[in-house]
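Me: I am new to this structure. Can you walk me through it in short steps?

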Amino acid sequence: MSTTESTSFYDNLEKMTVNELLTNMNKEDQTVPLAVNKAIPQIEKLVEAIVPRMEKGGRLIYIGAGTSGRLGILDASECPPTYGVPHELVIGIIAGGDTAIRKAVENAEDDPNQAWIDIQKFGFNPQDTVIGIAASGTTPYVIGGVKKAMKEGLLTGCITCNQGSPLASEVAMPVEIVVGPEFVTGSTRMKSGTAQKLGLNMISTSVMIKLGKVKGNKMVDMQLSNKKLVHRGTLMIMEATGLDEKKALAMLTQHGSVRNAVSAFEKEKKQ
């Protein structure tokens, strides 16, 4: 039996008090970062392989079903506002299409051919990277997608929570984050989902930093899509330049991003 399907360490959950439920869930959740830590060497190899491909115009594509697919979409959708990159640079694809983001689509994950069809809707770049996300490591949709991607010469990786899974055997760079039995037996939206979310955050954030989308520790290319982010950008410019708030805001408004505003200030300073 796979680790993700093995029996919970806890039983008679329905007899526990709410406090006992919450305390025990939290106890299990605390083991997840330790499992992620063990997978850092695998994550490191994957990130170091992704960056040069994206520098040459490649994209990062996540494929998954159910919770795994939704987590990939979440990570991909947050890259444009956070780092100012095009929506097509990091792509999240879920079995069953966008409908499956909110409602489960029956049998969508069982078709091993559909993922590649879904990927091709976004075109093809030989520098692309495809990462399959599946807690069990057995999802046909994901396995079929990475197999075809590898056959086409793309870099392939995965995030799974079982060791030695079929998915891991079909990719060039597997990431295996083994978190152990779930609090509710087989409910992989819990510890496994948390582990996948942490892994995806680490991959995309490291990639964006290496692509130059962060300066110091600031998101200098973030989209200024609301008042909070405009205020944050203004504070960044104030910190970097010493300008007062009014002038910093004017610079941000004029140049459209923290990076451009600071660059313009430094250029003017040298003249």
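Reply: Start with a term: a residue is buried when its relative accessible area is under 20%. Keep in mind that this is a predicted model.

Me: By that cut-off, how many residues of strand 1 are buried?
Reply: Strand 1 covers residues 60-64. The strand is mostly covered. The number of its residues that are buried is five of five.

Me: Which residues of strand 1 point the other way from Leu60, Tyr62 and Gly64?
Reply: In a regular strand, side chains alternate between the two faces of the sheet. Leu60, Tyr62 and Gly64 point one way, and both groups are buried. Pointing the other way are Ile61 and Ile63.

Me: Which residue in strand 2 is the bridge partner of Tyr62?
Reply: Strand 2 spans residues 90-94 and runs parallel to strand 1, with five bridges joining them. In strand 2, Tyr62 has as its bridge partner Gly92.

Me: What is the hand of the β-α-β unit that strand 1, helix 4 and strand 2 make?
Reply: Helix 4 covers residues 66-83. Together with strand 1 and strand 2, helix 4 makes a β-α-β unit that is right-handed.

Me: And in strand 3, what is the bridge partner of Leu60?
Reply: Strand 3 is residues 129-133, and its pairing with strand 1 is parallel, over five bridges. The partner of Leu60 there is Thr129.

Me: Which element gives the largest share of the lining of the largest pocket?
Reply: The pocket has a volume of about 290 Å³. Its lining counts 17 residues, with Gly92 among those nearest the centre. Helix 4 and strand 2 each give two or more residues. The largest share, five residues, comes from strand 2.

Conventions:
Residues are numbered from 1 along each chain as its sequence is written. This is a predicted model: local features need pLDDT of at least 70, side-chain atom pairs count only at pLDDT 80 or more; totals for chains, interfaces and linings use all residues. Side-chain values use heavy atoms; hydrogens and water are left out. Buried means under 20% relative accessible area, exposed over 50%, partly exposed in between (1.4 Å probe, protein chains only). Helices (H or I, at least four residues) and strands (E, at least two) are DSSP runs, numbered from the N terminus. Two strands pair if DSSP finds at least two bridges between them. A crossover is right-handed if, with the strands pointing away from the viewer, the path from the first strand over the helix to the second runs clockwise. On a 1 Å grid over the protein atoms alone, a cavity is a set of points where a 1.4 Å probe fits but cannot get out, and a pocket is an open set with protein on both sides within 12 Å along at least five of seven lines; lining residues have an atom within 4 Å of a point. Grid points are joined across faces, edges and corners, and a volume is the space filled by probe spheres set on the points.
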